[in-house]
Amino acid sequence: MTGKSAVRDQLDRASTSIPLNIAEGNAKRSLRDRCRYLDAACGSALECAACLDVIVAKGLLQASDVECGKGKLRRIVSMLIRLAESTADRMQEEKAEYDYD
């Protein structure tokens with residue numbers, strides 16, 4: 001496998017992993033599990049951005065060629081982080097009130 005095909009294959013796997021983790025997380029009843037899958041999707045999006053960096057570093061494309069994709073990935077990561085945070089906010093327990101004599 002050449003360097004070009006290896007990074008292309010990794011980018012394909014990581015980009016496929018984003019929607020699959022979102023979908024699988026949405027099927028979970030536990031908010032903690034849902035957050036875990038959103039975190040995995042976020043990690044895959046960051047991996048995609050790293051793959052684009054590797055492509056540029058190897059001289060296969062120019063930075064300007066991947067700028068649009070990196071911008072979309074920034075937006076995806078931002079949305080996933082906010083979604084995970086809003087889900088995590090719902091996981092907090094209500095304060096228990098205890099009677100002390």
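Asparagine 21 touches Tyr37, Ala40, Ala41 and Ser44, leaving aside its neighbours within four places in sequence. This is a predicted model, and asparagine 21 sits in helix α1, which covers residues 3-26.

**Asparagine 21**
- With a relative accessibility of 13%, asparagine 21 counts as buried, because the cut-off for that is under 20%.
- Its contact list, again setting aside neighbours within four places in sequence, includes Tyr37 and Ser44.

**Helices α2 and α3**
- Helix α2 spans residues 31-57 and helix α3 spans residues 63-89; their axes come within 9 Å and cross at roughly 165°.
- That angle is over 145 degrees, so α2 runs roughly antiparallel to α3.
- As for handedness, the α2 and α3 crossing is left-handed.

**Cysteines**
- The disulfide count comes to 0, going by a cut-off of 2.5 Å between cysteine sulfur atoms.
- For cysteine 42, the closest cysteine sulfur belongs to cysteine 48 and is 11 Å away, so that's too far for a bond.
- Cysteine 48 isn't in a disulfide either: its nearest cysteine sulfur is that of cysteine 51, 6.2 Å away.
- Cysteine 42 is buried at 10% relative accessibility, and cysteine 48 is buried too, with a relative accessible area of 2%.

Terms used
Residues numbered from 1 in each chain as written. Predicted model: local features only at pLDDT ≥ 70, side-chain atom pairs only at ≥ 80, totals over all residues. Heavy atoms only, no water. Axes fitted to C-alpha atoms, helices over the stretch in contact; angles between N-to-C directions. Helix = DSSP H or I, 4+ residues; strand = E, 2+ residues; numbered from the N terminus. Parallel < 35°, antiparallel > 145°, perpendicular 65-115°, else oblique. Left-handed = near helix turned anticlockwise from the far one by under 90°. Buried < 20%, exposed > 50% of the residue type's maximum accessible area, 1.4 Å probe, protein only. Contact = heavy atoms within 4.5 Å.
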